[in-house]
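Hi everyone, thanks for making time today. I'd like to walk you through a structure on the screen, going from its core to its interface and then to a few backbone details.

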Amino acid sequence: MPGKLKVKIVAGRHLPVMDRASDLTDAFVDVKFGNTTFKTDVYPKSLNPQWNSEWFKFEVDDEDLQDEPLQITVLDHDTYSANDAIGKVYIDIDPLLCSEAATVISGWLPIYDTIHGIRGEINVLVKVDFFNDLNRFRQSSCGVKFFCTTSIPRCYRAVMVHGFVEELVVNEDPEYQWIDRIRTPRASNEARQRLIFLMSGELQRKIGLKVLEMGGNAVVGYLQCFDLEGESGLVVRAIGTACTLEKISTLTSASATHPSNSSPSKDMKDSPQAAPSTLGCRSTHSSPVHSASGRLSQGFSVSVPTLLFAGMGSGGSAGKEAGPLKALLRQQTQSALEQREYPFFTLTSFPPGFLLHVGGVVSARSVKLLDRIHNPDEPETRDAWWEEIRQEIKSHAKALGCHAVLGYSESTSICEEVCILSASGTAAILGSRFVQDGPLDTDYRFEEVAPPGCGFCHIPYDELNIPFPAQLTYCYYCRRFKVPDVLFTTIDLPTEANVTGKGCLIQARLCRTKKKAQGEGNATAISNLLPFLEYELHTQLMNKLKLRGMNSLFGLRIQISVGETMLLGLASATGVYLTALPSPGRIQIAGKTPSDITYEQHISNMQKKINDTIAKNKELYEVNPPEVVEEMIGSPIPEPRQRSRLLRSHSESSDEVTELDLSHGKKDAFVLEIDDTDAVEDIHALLTDSPMPPGFYSCNTEIMPGIQNWTSAIQMFTSVRVFRLNNANLTNQGLNKIFSDLCENLLKSLYFKLRSMIPCCLCHLNFTVAVPEDELIQVAVTAVAMSFYKDQTLENGRQSGDKTLIKAITENDEQLQFNLELNAESSSSNPLSSTKGLSDVSGSHPSARAPPVDYSSFADRCSSWIEQLRLKAHTIRRGSVKTTSSLEKASPLPEGRSRSLQSNRSYSGSSVTVVKMTPLSFIPGAKITKYLGIINMFFIRETSSLREEGGVSGFLHTFIAEVFAMVRAHVAALGGNALVSYSMKECVFMENPNKNQAQSLINVSGDAVIFVRESELEATSVQPQSAATRETSNGGDGT
Amino acid sequence: MSVELDVFVGNTTIMDKEVFQLWLNGYTVSDAVKVRIEGGIMEECEANAEVLLSDTMDQYRTFQMCERLLHHPAKLSNQLLFQIPPDRQAMLIERYYAFDDAFVREVLGKKLSKGTKKDLDDVSAKTGIMLKSCRRQFDNFKRVFKVVEELKGPLVENIQQHFLLPDQLGRDYAAIVFFASNRFETGKKKLQYLTFQDFAFCAGQLINHWTVGAVDNMMDDMDVDLDKEFLQDLKDLKILITDKDLLDQHKSLVCTALRGKTNVFNEMEANFKNLSRSLVNIAAKLINAKDVRDFFIDLVEKFIEPCRSDRWTSIDVNLYLTHYTNSAHILDTFKHHGVWTRYMGVIKSCILRIYH
């Protein structure tokens, strides 16, 4: 019995009327943990009962503590009939198991019923006592900290980054059990909610065990997902990055607010980042397990963010040890990494020196047929599926000459029995000095010499050895190393990156029809469509990137969603102009038969329109790169990487692999031929993206390049739209337009809604698409709108309409065009430069271009497409070649980021703690002083009176508001005042209007934190102790 | 092709003041969109009609979800469903409980019953205020009335405390509750010229001086009812008109004081006995609930109209009432000074307010 859980039920309020006769309620509370139940007395005839119960004590194993949620049920006592349940509260007590997190859960929590929603609130107190401090980690993994944040959490520094951890548990879905036919919807929903709580607890514990095995004490970038596979079961899976974190000692951090380190106000990424980067101070890590209290007492100074790799395998569930891959070029770094089963990292931003080069985006997809899970205790099939995918990713990365994958994520899309598994990440080379095994001499050519602002852009590979038809140029920043012309990555923009102008959200949207089919035929049809879908998404991305005059994408996320009659593809990324990379070429339009004058007129009109848009965009995003003299290097291509596989779960053999190369040979100018229906579509897609209203910016990454001076005003929101296609016979183009308009209109609505926050940036815009039914398209968006100060540092008056600026831009433009022509010439002389590239041929030689796509015969078309896809694949990966110098200076960005504070509205009058929520890992103008634990909640809501609840919109609106309310309440009960790295990972909505019914499932997660406004921090920093421990700016208890 | 579902939920609930007002005024979504388009918001924000429709529907839905809480404003501050900054909460409450003067004039003094509510469509037609808005306002009156009816202590404070209303609005509601519970007649044609604020002022005077709470707010009685003892005592004032000597004496005192100070002295002198009789009769009858209802109509018919037909200015009225009140104290046989002061103080300020 290593733990004692203590629960006290204090009071209730706003309870619903359960007794019609008296208009009152006789409420009592059932407190359940595991198999033990306690009851409070009945508090008769009140809607605001004061139970003030004794302490209910549960003596339990710590394993149960981790797995089980505390379940509190509020009931109405009925003398003659069965007691009616009012609602339930599930409390995850995991945060209490780690002494660095919360110590008590105390506050008003909403009482939730799956049929009626929130029905009043209950005030509870929950504590955990450990009997035995020494052995408590034996069976369980109590004490391992979990973070959703995909960077090293502020107020911690990474001692070591161990690597990838994953786990997966499966179960039968209670919704599909036979018993579901005889039980009430409420009972079924509650069984489901409880099961998922249990499964996530178990998953977290298992992951924790792996982390302990690896010698870590925390999981960063923890990503947990549910796959509702329907009949075949319920899968809960999670991935994360095991780390050894060390709390920046409270004393130091409090006193160190004035020196630039450790103050998140000046450093948005990680606290260690701004610390002076001296080499050689590597903390050794001996004991794999720490009691958290012990760690706190260690008075580490904020010296160096030393990162060490534990050289052990991830201990994956299969226990498979991948044989060390003998690479020729990468030495110890690589071998250390490659000893690992999967050298993957779910982080998206890194401490300095961690990342050296980026090889580009790697992704793998696989279509599977779902099969009933026969034995929930051995989820081998699912494990095997993911293993395949991961192996593929790993080999992609290897083929790119990289030994690690960063910004790694996994996702699924399920329709009936077909499931698409996807994984993507950014292939990269990590700094060798962070490898744990032995002191290694760093033999990277670029290391130590490349300036930090551009080093990561330099190609990592030897351009002579890799057959790669990329256009390499000398870095526009340092002029010493080669860089590619375009970078695509899934990670965040490194803070030290040199960026010209601002960034913006770039989306490619695609909708493709598909015939209704069953089983294997369906799976085959889907996997045949996938490569085309991906290819077109990339073409769109590339075009849109060029239209904005930018040359790199960060945070790339491609979502493919499958429905019965269509496939949806949505790619989102943040476009950025990296100073180190060459300026993108123009987009040129050409007609196939330049015979008649009106036709040419038409073409030139379109061309003009495109040129105007580019010019306008350059002005809008302040993309006015310094002019440079250009040199060209014909360059090699790496081998094809992008694969799309069809592997049926039962047939092992289907190893026919479609290798796709999505590279466009040359990037300097795109030629869109308008005879070509696809090109028409492309142009259409390019030009229909309506510009953002003035004062708005958007991105899908953590930080917006070019904006630093945030105010403290933030507004997190979720918006969901479902669109019904009444018209059954839609062409691909028609569908595309509908889908694109849907997204555009949604964005427009958001801009309008948030107009009061101008000037503002929508950060971390996260779109999720789904095809919930045959003719329905669902789009859900979660983002945070953040205001910034218009007229401060770094903002060169776009609004001022500075004529000279515009002039400068156009001049630059001309300059660049000239340069590009040079580029083009040299590249066209390169035999490898793809003349097959769909529509990309140098602007200066339109006649030399090969016909983009030959539609004459289907076979030809397919083969040429695949060819092109193959080419494209390179781009994607090559897209993001990065080099990071190990000798990083503090980046210029964080320093310029002195945000002045805007006194926030005082909420003092309210009795409810204000809880901020944001999908970002930081809160502008504030310092996170404590992480209280992970919030991971799953709710189901169902109604059989849909019309009465305001129809589908009313129903979902209420539900989302309720979920937010419950999240806020739990954060407040932990003593926190904000939830960072918030995400809504699942938002399933199903309706049956004929039966007046609807059901919805939502899964949300994030990190509960305490933050302190910088202004308050300064005021209290005189007394460091109190500053560190006492400050909960809004008062933690919600009573 | 249609948007089947469209929701926007912010961590901090976004509420547009303008749309809230349209909602309160009872506009339908499509009418509200029209009004917004006419307001030029599309040009201002580069929006289109679709965006406006979506936004308006969303806002309306939010307001409907909030309405339940607005019925018990105290709940709004400790509910968890919507995160609304306190200043926003105050705005919502204030606007939700605000009412149209035109509407309140129609129902002022009426019983806040289902019957009255049924007639609201007539009120709506007459005032041009949308029925939905009329219903909200009526329900607000009724809700406040019901809550406050049974409470002890000062009326205005009770209202402010329970409904978190700003000072002025709290007073107005006190007037509405006071009028509703005493059923004062305000709808007669002759009273049409009076505004709600006129009545609210009078209600304030009555609440402050003629109710039980006015003399002793420690009493466990309420501000809603007039002080029965006082009303009983008012009967004693009859002596001023029944005793011929006293009446003559009073008249001469008043006339002496007024002579030369006004242009309508002759009319004052000629009407003195009539006016004095009117005022004292009103006082004496107040013990009957039915006559309390006619209080304002009596004041207008029996005092204000005669004065007005003689073209008294309000300065004249003030002068007259001042001397009329003060002179009574000099009368040697008149003993009821306390009651007289309490009565005439209110009468004087009420008359001065409604004499226009």
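Let's begin inside. The largest nonpolar core has 269 residues, and Leu70(A), Tyr320(B) and Tyr343(B) are the ones that touch the most other members. A nonpolar core here is a set of buried Ala, Val, Leu, Ile, Met, Phe, Trp, Tyr and Cys residues joined through side-chain atoms within 4.5 Å. Helix H15 of chain A, residues 951-973, gives this core its largest share, 15 residues. Apart from that core lies another one of 29 residues, including Ala218(A), Phe350(A), Ile923(A) and Phe1011(A).

Before I go on, a word on the ground rules. This is a predicted model, in which local features need pLDDT of at least 70 and side-chain atom pairs count only at pLDDT 80 or more, while totals for chains, interfaces and linings use all residues. Residues are numbered from 1 along each chain as its sequence is written, chains are lettered from A and ligands numbered from 1 in the order in which they are written, and side-chain values use heavy atoms, with hydrogens and water left out.

Back to Tyr320(B): which residues does Tyr320(B) touch, not counting those up to four places away in sequence? They are Val254(B), Leu258(B), Met268(B), Phe272(B), Leu275(B), Ser276(B), Phe303(B) and Trp312(B), where contact means heavy atoms within 4.5 Å.

Now chain A as a whole. Chain A has 17 helices and 34 strands; these are DSSP runs, numbered from the N terminus, with helices (H or I) of at least four residues and strands (E) of at least two. Of the 1039 residues in chain A, 65% are buried. For that label, buried means under 20% relative accessible area, exposed over 50%, and partly exposed in between, with a 1.4 Å probe and protein chains only.

On to the interface. Chain A contributes 57 residues to the contact and chain B contributes 41 residues. Together the two chains bury about 4300 Å², with 58% of it on carbon and sulfur atoms; buried area is the accessible area (1.4 Å probe) that two parts lose on being put together, summed over both. Phe752(A), Lys753(A) and His957(A) supply 19% of the area that chain A buries against chain B, more than any other three residues. The rule finds 5 salt bridges across this interface, a salt bridge being a side-chain nitrogen of Lys or Arg within 4 Å of a carboxyl oxygen of Asp or Glu. Lys753(A) also forms a salt bridge with Asp58(B), at 2.9 Å from N to O.

Finally, the backbone. Most residues other than glycine have a negative phi, and most peptide bonds are trans. Ile758(A) and Pro759(A) are joined by a cis peptide bond, with omega about -5°, and Pro759(A) sits in the loop between helix H11 (732-753) and strand E29 (760-770) of chain A.

Asn996(A) has a positive phi, near 65°, in the loop between strand E33 (978-992) and strand E34 (997-1013) of chain A. Is Asn996(A) buried or exposed? Asn996(A) counts as buried because its relative accessible area is 9%.

Arg311(B) has a positive phi too, near 60°, and lies in the loop between helix H20 (295-309) and helix H21 (314-330) of chain B. Arg311(B) has 69% relative accessibility, so it counts as exposed.

That's my tour, and I'm happy to take questions.
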